Amino acid sequence: MDKLIIRGGNRLSGTIPISGAKNAALTLIPCALLTEEPMTLRNLPRLADIDGFQHLMTQFGISTEIHGKRAEEFGRVVTFEASRITSTVAPYDLVRKMRASILVLGPMLARMGEATVSMPGGCAIGNRPIDLHLKALEAFGAEIELTQGYVKAMQPDGGLPGGDFDFPVVSVGATENALMTAVLANGTSRLFNAAREPEIVDLCNLLSAMGAEIEGIGTSDLTIHGVDRLHGATYRVMADRIEAGSYACAAAITGGEVRLEGANAHDMASTIHALRNIGLHIEEDKKGVSVAANGALKPTDLTTAPFPGLATDMQAQLMSLLTKAEGTSVLKETIFENRFMHVPELARMGADISTEGRTAIVKGPADLTGAEVMATDLRASMSLIIAALAAEGETTVRRIYHLDRGYERLEEKLQLVGADIQRVGDD
Ligand code: UD1
C-alpha cells in the first residue's frame, strides 16, 4: 500500500487547477439510468470512487465510454448509455466499498419499476442511516422491502404516483435519491426542507437538461412535475468546492498564496468567510479564487451546518489550520457524530486539541512536528497533510487510499505549488 512522505516548511505559491466535484459526479452518474439515450459528463474527476461507480453502472449492463484518456489531463469525458438495463441489483460487494451506491435506488426504480440495493454498512464518520431515502420514496408511492441485507423498492401497478415529503433532517443523499425518482413519476411531487447544497443544484441542472421539470432549484422547497421520459444530455461537472477549500487551507498554513483555478466562490462562500475571519486575504473572480496569507492567523469559532452553512467536509482541514492560529478556537460538528478522528493524530503531531462530544477546542499556535500518522476517512486524511506541510521535519501518511477516493492527483497538485511531498510504495 502506498504512503505519502511530506517534509514540512515550504511556503506554497502558484496555481492549482481545481477538479470536477466528486460528490456532484456521484449523483450525476446515476442519472444515466433515467434515459435510454447517451448521457455525457465532462470534467469527471479521476478518482477511485468514480471508477467504482462506473464499475457499478457496467454491472447493470450500461455501456461507458471514456474519451480523452491522455495521462496528463485532469478530468475526463465519459459517455454512459443505458439503452438496455440487464440487472436491477446493486450487489453487496460493490456497495460496501462505496456508500454512494445507494444513489442508484431512486433512478433505477423510476426507470425499471424496481431496484434492489445492498444496504450500505457502517461508516467511519458515524452511523449514516438511509431511512430518509426510503421514506421519501415511500411518500412517492414506492413499496419498500428489507430482506437479507438488501433494500428492494418497487413501483405499484400503474407506476409511481408521486407525492410530498418533508425532510425531518436535511439530507444531501436522500434529497438526491428523491429528485432522481420524482422526475419520472406520474404526477407532481414536492420536497420540503430539502438539501440545497451546490451539488444538488448541479443535479437539478442536469435533470433539467434531460427534460425534467423542477421548480425551486437552489431552495429547500422543490416541486417536481413528473414527465413520461427523459432524453440524453451533455453536462460539465461543477468544480469541487471541498478540494478548493482544502488547498486554500494548505496554502494558508504555510503562509503562502495560491490561485485556485476554476473554483467557484459562491459555492464555497462559507469556507471563504471562515478563512477571512482567520485573517487570510481572498480575492474572487469568475474564473477562480486567490488566497494569500496576510500576517498571523487568528482564532475563530466554527459550526458545521447544511448549506449555506459551513460544510462538514471542511471541518477537519480548518481544524488543522487553526492549530497555527494565535489563540483558542472552538469547532462544533453538527452533521455527523464521530467526526473528530483526526484529533488524536493531530495531537501526535503536537496540536493542542481537546474534545467534548461534538465540540473541539483548539489552542494555538502549536509547534507541529512530523510523525507517522494515518486517518480513517477522506477529509481527516487531508487534515493530516495540511498539518504536515507546516510541521517541522518529515511526516508519513499511511492508508492513503482514502485520499485517492477524493483528491485527484493530490501530490502532483501540491508539488505544482512547491510542496515537498512524495508517494512511495509501502515496505
Ligand atoms: C453527503 C456527502 C458527504 C457530506 C454530507 C453532508 C456525498 C457522496 N457525500 O453525504 O461528503 O459530508 O453529504 O454534507 O455526496 N441522515 C439520516 N437518515 C438518512 C440520511 C441521512 O438520518 O436517511 C442523517 C445523517 O446521519 C447525517 C445527516 O442526515 O447526520 C446528513 O447526512 P447526508 O446529508 O445524508 O449525508 P450524505 O448524503 O451521506
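How many nonpolar, polar and charged residues does the lining of the second largest pocket have? In this predicted model, the lining comprises 8 nonpolar, 7 polar and 9 charged residues. The pocket itself has a volume of about 400 Å³. Of the 24 residues that line the pocket, Asn43, Arg236, Val237, Ala239 and Gly262 lie nearest its centre. Two strands, β3 (38–44) and β5 (76–81), each supply at least two residues of this lining.

A separate description concerns one of the sheets. Strands of a sheet pair through backbone hydrogen bonds, either parallel or antiparallel. The sheet considered here is open and has 4 strands in the order β2-β15-β17-β16, with mixed pairing. Strands β2 (13–17) and β16 (281–285) each have a single partner strand and stand at the edges, so one side of each is left without a neighbour in the sheet. On average, and with direction ignored, neighbouring strands of this sheet are turned by 15° against each other.

Strand β16 is joined by 5 bridges to β17 (residues 288–292), and the two strands run antiparallel. Within this pair, Asp285 stands opposite Gly288 in β17.

Two helices pack on the sheet. Helix α8 (residues 241–253) touches β2, β15 (257–261) and β17, and the direction of α8 makes about 170° with that of β15. Helix α9 (residues 269–277) touches β16 and β17; the direction of α9 makes about 150° with that of β16.

How values were computed:
Residues are numbered from 1 along each chain as its sequence is written. This is a predicted model: local features need pLDDT of at least 70, side-chain atom pairs count only at pLDDT 80 or more; totals for chains, interfaces and linings use all residues. Side-chain values use heavy atoms; hydrogens and water are left out. On a 1 Å grid over the protein atoms alone, a cavity is a set of points where a 1.4 Å probe fits but cannot get out, and a pocket is an open set with protein on both sides within 12 Å along at least five of seven lines; lining residues have an atom within 4 Å of a point. Grid points are joined across faces, edges and corners, and a volume is the space filled by probe spheres set on the points. Ala, Val, Leu, Ile, Met, Phe, Trp, Tyr, Cys and Pro count as nonpolar, Asp, Glu, Lys and Arg as charged, and the others, Gly among them, as polar. Two strands pair if DSSP finds at least two bridges between them. Axes are lines fitted to C-alpha atoms, for helices over the stretch in contact, and angles run from 0 to 180 degrees between N-to-C directions. Contact means heavy atoms within 4.5 Å.
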